[in-house]
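Subject: Model handover and findings

Hello,

Here is the model you asked for. Please open it alongside this note.

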Amino acid sequence: TGLALLPLAVGSFVASGFGGQLAGRRGAAFVVRLGIALEIVGIASIGLVVRDGQSWWPTVPCLLVYGMGVGLATAQLTGVVLVDVPPAQSGQGSGTQSTSRQVGSALGIAVLGTVLFTSLGTLLSHRIEAMAGIPTAQRDKLVSAVVDSAGAAITGLERSPATAAIAQAARVAFTDAVRWTALSAVVFLVLGFLTSLALGREQGRHVSGPDHDLQPDSEGATRAAS
């Protein structure tokens, strides 16, 4: 699992290397939008390429692109948020931004986790229901075992010839549930991208010097005022 997720970290590391320079030329708001766009491409690609029984290799480019998006958007987000905050209130602004991110992360995990496990339970229940000779009580027990274990019970079902067909149905249902979850995440990312369009093109661009930290340049201030 760590090896499969490594491309995400590599992409984020690579993006952080040129994200600052790109922000200096095009503005932090542009970099944030670019990062969100790459996240959309990466997650949507995962939803399209994930198939039952395939290796994890097809997800490598998807996670790499997604990691680059995370590296670009996250690194410049603070600058975009604090660009209009007076220096005397930068601590309050930074704390509010950090709290908002943590709350958003918790809500995202809750919502997408609900989509994953609800989809898994529904899809698996329908597949087992289509199989002949499985009582309702046993079906519900099997579905609960797979959902409550986050799919770990599938391996145990595969070991017995009597439940091998159910294990295969569970694998297909889990794959479909992952696809639905990825597409649900894309919806939220698209909303975030559309929201970011309200930011000024020059917002988040900094001028050098110790007395101008987190301040927009004159062109950006003029555009923001207009």
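This is a predicted model: local features need pLDDT of at least 70, side-chain atom pairs count only at pLDDT 80 or more; totals for chains, interfaces and linings use all residues.

Residues are numbered from 1 along each chain as its sequence is written, and side-chain values use heavy atoms, with hydrogens and water left out.

**Overall**

The protein chain has eight helices and zero strands. Helices (H or I, at least four residues) and strands (E, at least two) are DSSP runs, numbered from the N terminus. The order of elements from the N terminus is α-α-α-α-α-α-α-α. Of the 226 residues, 34% are buried. Buried means under 20% relative accessible area, exposed means over 50%, and partly exposed is in between (1.4 Å probe, protein chains only). The accessible surface of the chain is about 12600 Å², and carbon and sulfur atoms account for 65% of that. Areas come from the Shrake-Rupley method with a 1.4 Å probe; for residues, only the protein chains shown count as cover. Take the contacts between residues at least 6 apart in sequence: 73% of them join residues at least 24 apart. Contact means heavy atoms within 4.5 Å.

**Helix packing**

Two packed helices are described by the angle between their axes and the distance between the axes. Axes here are lines fitted to C-alpha atoms, for helices over the stretch in contact, and angles run from 0 to 180 degrees between N-to-C directions. Angles under 35 degrees count as roughly parallel, over 145 as roughly antiparallel, 65 to 115 as roughly perpendicular, and the rest as oblique.

Start with α1 (residues 2-26) and α3 (residues 60-82). Their axes come within 6 Å and cross at roughly 40°. That makes α1 oblique to α3. The crossing of α1 and α3 is right-handed. A crossing is left-handed if the near helix is turned anticlockwise from the far one by less than a right angle, and right-handed if clockwise. On the α1 side the contact includes Ala4, Leu5, Pro7 and Leu8; on the α3 side it includes Val60, Leu63, Leu64 and Tyr66. The residues of this contact divide into 14 nonpolar, seven polar and no charged. Ala, Val, Leu, Ile, Met, Phe, Trp, Tyr, Cys and Pro count as nonpolar, Asp, Glu, Lys and Arg as charged, and the others, Gly among them, as polar.

Next, α1 against α2. These axes come within 7 Å and cross at roughly 125°. That makes α1 oblique to α2. Gly19, Leu22, Ala23 and Arg26 in α1 meet Ala28, Phe30, Val31 and Leu34 in α2.

Then α2 (residues 28-49) and α7 (residues 164-196). They pack at an angle of about 165°, with axes 9 Å apart. α2 and α7 are therefore roughly antiparallel to each other. Their crossing is left-handed. Among the residues that meet are Arg33, Ile36 and Glu39 in α2, and Arg179, Val186 and Phe193 in α7. This contact has eleven nonpolar, three polar and three charged residues.

**Single residues**

- Glycine 17 lies in helix α1. At 54% relative accessibility, glycine 17 counts as exposed. Its C-alpha is 9.3 Å from that of leucine 72, 55 residues apart in sequence.
- Tryptophan 56 sits in the loop between α2 and α3. It is partly exposed, at 30% relative accessible area. Leaving aside neighbours within four places in sequence, tryptophan 56 contacts Leu3 and Ala4. Its C-alpha lies 9.7 Å from that of leucine 3, 53 residues apart along the chain.
- Serine 119 is in helix α4 (residues 90-129). It is buried, with a relative accessible area of 17%. Not counting residues up to four places away in sequence, serine 119 touches Thr114, Ala177 and Trp180.
- Arginine 139 is in helix α5. It is buried too, with a relative accessible area of 15%. Beyond its neighbours within four places in sequence, arginine 139 contacts Ser125, Ile128, Glu129 and Ile134.
- Alanine 150 is in the loop between α5 (136-148) and α6 (153-158). Its phi is near 55°, a positive value in a residue other than glycine. Most residues other than glycine have a negative phi. Alanine 150 is partly exposed, with a relative accessible area of 40%.

Best wishes
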